[in-house]
Amino acid sequence: MRSGDAWTVGARPLVFIYRSDSVFSYELICRRCGWRTLCGLDDAVARLRLVGLLRREREPDQALVETLFVESAQRMTCPICKEKSLFAVPSTRDDADDWQVAVLC
């Protein structure tokens, strides 16, 4: 279950604020040639629109994008070998947030 805060007035909840501590980061992988790319939320939305999904949603919910991205990865095409059966898995890279950090020697 995801974390959040709820404020109450009397016995009824007044507001529920969702806090996401996780960053959207998925790897899109080709089964045939091994090509892979790391996709953030904006990239995932762009790829979903290419296969005909999320055309009406201006700012889709992250949970919706996650579900659709994993389920429709098999409809996406590899840019190298043109295989039409990719798969998406959550990224396990620990340094995904530090890609712009300079390496000090």
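This is a short tour of the predicted model above, stop by stop, with something to select at each one.

Before you click, note that the model is predicted, so to speak: local features need pLDDT of at least 70, side-chain atom pairs count only at pLDDT 80 or more, and totals for chains, interfaces and linings use all residues. Residues are numbered from 1 along each chain as its sequence is written, and side-chain values use heavy atoms, with hydrogens and water left out.

**Stop 1: the whole chain**

Start with a cartoon view. The protein chain has two helices and five strands, where helices (H or I, at least four residues) and strands (E, at least two) are DSSP runs, numbered from the N terminus. Follow the cartoon along the sequence and you get β-β-β-β-α-α-β. Now colour by burial: of the 105 residues, 25% count as buried. Buried means under 20% relative accessible area, exposed over 50%, and partly exposed in between (1.4 Å probe, protein chains only). As for contacts (heavy atoms within 4.5 Å), take those between residues at least 6 apart in sequence: 43% of them join residues at least 24 apart.

**Stop 2: the rings**

Select the aromatic side chains. How many aromatic pairs does a search of the whole structure find? It finds three. Rings of Phe, Tyr and Trp (its six-membered ring) pair if their centres lie within 6.5 Å; planes under 30 degrees apart count as stacked, over 60 as edge-to-face and the rest as tilted.

Show Phe 24 and Tyr 26. Their ring centres sit 5.0 Å apart with the planes at 45°, so this pair is tilted. Both residues are buried.

Phe 69 is buried, as is Phe 24. Show Phe 24, Tyr 26 and Phe 69 together and you have a cluster linked by ring pairs.

**Stop 3: the two helices**

Next, select α1 (residues 41-50) along with α2. Two packed helices are described by the angle between their axes and the distance between the axes. For α1 and α2, the angle is about 55° and the axes are 10 Å apart. Axes are lines fitted to C-alpha atoms, for helices over the stretch in contact, and angles run from 0 to 180 degrees between N-to-C directions.

The two helices are therefore oblique to each other; angles under 35 degrees count as roughly parallel, over 145 as roughly antiparallel, 65 to 115 as roughly perpendicular and the rest as oblique. Is the crossing of α1 and α2 left-handed or right-handed? It is left-handed, which is the label if the near helix is turned anticlockwise from the far one by less than a right angle (right-handed if clockwise).

From α1 come Leu 41, Ala 44, Val 45, Arg 47 and Leu 48, and from α2 come Gln 62, Val 65, Leu 68, Phe 69 and Ser 72. By class, that contact has seven nonpolar, two polar and one charged residues. Ala, Val, Leu, Ile, Met, Phe, Trp, Tyr, Cys and Pro count as nonpolar, Asp, Glu, Lys and Arg as charged, and the others, Gly among them, as polar.

Zoom in on Leu 41 in α1. Leu 41 is partly exposed, with a relative accessible area of 29%. Leaving out residues up to four places away in sequence, Leu 41 touches Phe 24, Gln 62 and Val 65.

**Stop 4: strand β4**

Pick Thr 37, in strand β4 (residues 36-39). Not counting residues up to four places away in sequence, Thr 37 touches Tyr 26, Glu 27, Leu 28 and Arg 47.

**Stop 5: the loops**

Select Cys 81, in the loop between α2 and β5 (86-90). Cys 81 touches Cys 30, Arg 32 and Cys 33, again not counting residues up to four places away in sequence. The C-alpha atoms of Cys 81 and Arg 32 are 7.7 Å apart, across 49 residues of chain.

Step along to Lys 82, in the loop between α2 and β5. Its phi is near 65°, a positive value in a residue other than glycine. Lys 82 is exposed, with a relative accessible area of 55%.

Finish at Leu 54, in the loop between α1 and α2. Leu 54 has a positive phi of about 60° although it is not a glycine. Is Leu 54 buried or exposed? Leu 54 is buried, at 9% relative accessible area.
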